[in-house]
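Okay, thanks for making time, everyone.

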Amino acid sequence: MITEIETRRSIRKFDGREVPRELLEQIVAAGLCAPSSKNRQPWRFIVTTDNSKQDALSAMERGLEREKREPYLPESADYLADAEHTLKIMRQSSAVIFVVNTLGAELSQALTVDERVYEICNAQSIGAAMQNMSLAAVELGLGSLWICNTFFAQRELNEWLNTGELFSALAVGYAAESPSQRPRKPISETVEWR
């Protein structure tokens, strides 16, 4: 698994080949193996391909268009063009796996301290599932892109998904690029030994 960790890259160009369902099932199975806080397993995976993927991405496109007129995330407006680029990448992929937090609060909901702690625990759990799926994709000879730009179209995608609060998405396909690793901060700047 160390090899997968070291070679995993965020893929932004896919070659369009269809990924067999059996491989997508293995990727989702890896997500299900992730640890979760209090074993709550706060996730639901919605695997979209073909027409279903196109419907989901149409919902995202509607959300991005709405965002230009009625911003849901006004302080993040500088990143809207990046979200539009991400949508193009998602269209190239063979599949998009949407991950819904089934125990999650709506993004705009005010939270008590306890509820905020639960949200942090759920975020850690779903993050572990996302990482497992990304690594499984590498092991299976596939590429993936972990996507957070869906938040611009949160309302539209939540309505389309119709199950919980959208947390993230993973585009999966055969990579049409081999990017080098992006710079990482050195251990000396990021680790404190006590």
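This is a predicted model: local features need pLDDT of at least 70, side-chain atom pairs count only at pLDDT 80 or more; totals for chains, interfaces and linings use all residues.

Residues are numbered from 1 along each chain as its sequence is written, and side-chain values use heavy atoms, with hydrogens and water left out.

Let's begin with α3. The expected span of a helix is 1.5 Å times one less than its number of residues.

Which residues of α3 are buried? By buried I mean under 20% relative accessible area; exposed is over 50%, and partly exposed is in between, with a 1.4 Å probe and protein chains only. The buried ones are Lys53, Ala56, Leu57, Ala59, Met60, Gly63, Leu64, Arg66 and Glu67.

Now the α3 and α4 pair. Their axes come within 11 Å and cross at roughly 170°. Axes are lines fitted to C-alpha atoms, for helices over the stretch in contact, and angles run from 0 to 180 degrees between N-to-C directions. Angles under 35 degrees count as roughly parallel, over 145 as roughly antiparallel, 65 to 115 as roughly perpendicular and the rest as oblique. α3 and α4 are therefore roughly antiparallel to each other. As for contacts, meaning heavy atoms within 4.5 Å, the α3 side includes Leu57, Met60, Glu61, Leu64 and Lys68, and the α4 side includes Leu80, Leu87, Met90 and Arg91.

That brings us to salt bridges: a side-chain nitrogen of Lys or Arg within 4 Å of a carboxyl oxygen of Asp or Glu. The whole structure has 8 of them. One joins Glu61 and Arg91, at 3.1 Å, N to O. Glu61 sits in α3 (residues 50-69) and Arg91 in α4 (residues 80-92), so this pair ties together parts that are 30 residues apart in sequence. Both ends are partly exposed: Glu61 has a relative accessible area of 38%, and Arg91 comes in at 31%.

Another one is Glu84 with Lys68, at 2.7 Å, N to O. Here Glu84 is in α4 and Lys68 in α3, 16 residues apart. Glu84 is partly exposed at 27%, and Lys68 is partly exposed at 46%. Those two also belong to a salt-bridge network with Glu65. Elsewhere, Arg194 and Glu192 pair up at 2.5 Å, N to O, and both of these residues are exposed.

On to the backbone. Gln41 has a positive phi of about 45° although it is not a glycine. Gln41 is in the loop between α2 (21-32) and β1 (43-49), and it is partly exposed at 36%. Asp50 is not a glycine either, and its phi is also positive, about 45°; Asp50 belongs to α3. We also have α5 (residues 113-139), with 27 residues, reaching 39 Å from first C-alpha to last, close to the 39 Å expected. Just after α5, Gly141 takes a positive phi of about 80°.

Where is Val172? It's in strand β4 (residues 165-173), and it's buried, at 0% relative accessible area. Beyond its neighbours within four places in sequence, Val172 touches, among others, Phe14, Leu24, Ile27, Ile97 and Leu142. Val172 and Val47 are 125 residues apart in sequence but 10 Å apart in space, C-alpha to C-alpha.

Last, the cysteines. How many disulfides does the structure hold? The count is 0, where a disulfide is a pair of cysteine sulfur atoms within 2.5 Å. For Cys148, the nearest cysteine sulfur, that of Cys121, is 18 Å away. Cys148 is partly exposed at 43%, while Cys33 is exposed at 64%.

How values were computed:
Helices (H or I, at least four residues) and strands (E, at least two) are DSSP runs, numbered from the N terminus.
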